[in-house]
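Could you walk me through the main features of this model, helix by helix and ring by ring?

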Amino acid sequence: MNSLLDKNSLANTVENVSEALLFGKKISDKDKKEVSEFIVSRHGEYRSYANMFAPTEYDLKNDLILFTGEKIKTGAGKSHMLGEESSRILRKLNMHNKDVEKALKEADEGILGRIKAGQDDPRYVHGTYCCKSCTCSLWLNLSAGGLDNDTEMLKSGLKWLKKFRDGTGRWKSFPFYYTLYVLNEIDLKYSGDELKYVAEYLKDKKLRITPDKFGRRREFVIKQILEKT
């Protein structure tokens with residue numbers, strides 16, 4: 001297996017580890033060390049969002065392609081979602097040392113500070129952040145115990161998601177496959193209602209799955225959801 005680390009791209013590195021995690025591939029101690037050190041080195045760097053983990057120059061010049069193939073074009077969106085996903089990956093790698101713990105603590109403090117600063121806005125909903133794509137990345141971080149393992153925030157966010165059901169088995173304005181991926185990563189006791197809702201759609205619809213890495217991931221996530229429900 002090739003190295004999971006791409007020194008030129010935080011996005012590619014996060015994607016590589018996410019794929020290994022999804023398909024249950026063994027991650028070597030060498031990869032864990034290299035990846036965790038690289039992510040920590042991006043902490044608080046130029047264009048980091050809320051003192052999380054910064055995109056590289058390569059990442060800033062290109063669209064962010066989410067794990068399931070959707071594109072994020074805005075600079076703030078790329079920086080925020082990479083920050084959330086990087087936090088999750090660091091936790092999943094389970095490398096306990098002072099540098100990792102310090103970076104995660106400060107990243108949590110940074111995004112929680114932004115969330116708290118927006119609570120007086122009449123549009124604020126606990127468990128959400130900015131747009132629907134960014135909110136999904138927040139949930140992904142929460143699924144791994146991020147943001148002080150705030151399960152109340154996660155439950156509130158998923159309750160909000162329910163309001164966007166379109167009656168056919170999807171959610172209005174949410175990136176469909178990325179939402180499936182995120183829900184599949186969340187503990188079933190929190191995500192169960194939404195997975196049951198979407199499962200009927202997934203059983204009945206013949207979804208067009210592309211024969212590429214994104215298609216393989218989408219297909220695998222759908223398979224796991226149907227097995228759970």
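This is a predicted model: local features need pLDDT of at least 70, side-chain atom pairs count only at pLDDT 80 or more; totals for chains, interfaces and linings use all residues.

Numbering starts from 1 along each chain as its sequence is written, and side-chain values use heavy atoms, with hydrogens and water left out.

Helices (H or I, at least four residues) and strands (E, at least two) are DSSP runs, numbered from the N terminus. The expected span of a helix is 1.5 Å times one less than its number of residues. H1 has 13 residues and covers 18 Å from its first C-alpha to its last, close to the expected 18 Å. Serine 9 caps the N-terminal end of H1, with a side-chain oxygen 3.3 Å from the backbone nitrogen of alanine 11; that is a polar contact (a pair of N or O atoms within 3.5 Å; within protein, one must be able to donate a hydrogen and the other to accept it, and residues adjacent in sequence count only if both atoms are side-chain atoms). Just after H1, glycine 24 takes a positive phi of about 70 degrees.

Buried here means under 20% relative accessible area, exposed means over 50%, and partly exposed is in between (1.4 Å probe, protein chains only). The buried residues of H1 include Leu10, Val14, Glu15 and Val17. They pack against H2, helix H3 (57–61), strand S1 (64–65), H4, H9 and helix H11 (213–228), where contact means heavy atoms within 4.5 Å.

Leaving aside neighbours within four places in sequence, threonine 13 touches Leu4, Leu5, Asp6, Val35 and Phe38. Val35 and Phe38 are themselves among the buried residues of H2.

H2 (residues 29–41) also has 13 residues, and its end C-alpha atoms are 18 Å apart, in agreement with the 18 Å it should span. The cover over the buried residues of H2 includes helix H1 (10–22), helix H4 (75–93) and helix H5 (98–117).

**Aromatic rings**

How many aromatic pairs are there? The count comes to 12, where rings of Phe, Tyr and Trp (its six-membered ring) pair if their centres lie within 6.5 Å; planes under 30 degrees apart count as stacked, over 60 as edge-to-face and the rest as tilted. Two of the pairs are set out here.

| Pair | Ring centres | Plane angle | Type |
|---|---|---|---|
| Tryptophan 160 and phenylalanine 174 | 5.8 Å | 65 degrees | edge-to-face |
| Phenylalanine 176 and tyrosine 201 | 5.6 Å | 80 degrees | edge-to-face |

Tryptophan 160 is in helix H8 (residues 151–162) and phenylalanine 174 in the loop between H8 and helix H9 (176–185), so this pair ties together parts 14 residues apart in sequence. Tryptophan 160 and phenylalanine 174 are both buried. Phenylalanine 176 belongs to H9 and tyrosine 201 to helix H10 (residues 188–204), so that pair links parts 25 residues apart in sequence.

Arginine 170 lies over the face of phenylalanine 176, 3.9 Å from the ring centre. The charged end of arginine 114 is over the ring of tyrosine 49, at 4.7 Å from its centre.

**Cysteines**

Cysteine 131 is partly exposed at 35% relative accessible area, whereas cysteine 136 is buried at 0%.

**Loop residues**

Most residues other than glycine have a negative phi. Asparagine 51, in the loop between H2 and H3, has a positive phi near 65 degrees and is partly exposed at 33%. Serine 173, in the loop between H8 and H9, has a positive phi of about 70 degrees and is exposed at 63%.

Asparagine 62 sits in the loop between H3 and S1, and its side chain reaches the backbone oxygen of tyrosine 58 at 2.8 Å.

Definitions and conventions. A charge sits over a ring if NZ of Lys or CZ of Arg is within 6 Å of the ring centre and within 35 degrees of the ring normal.
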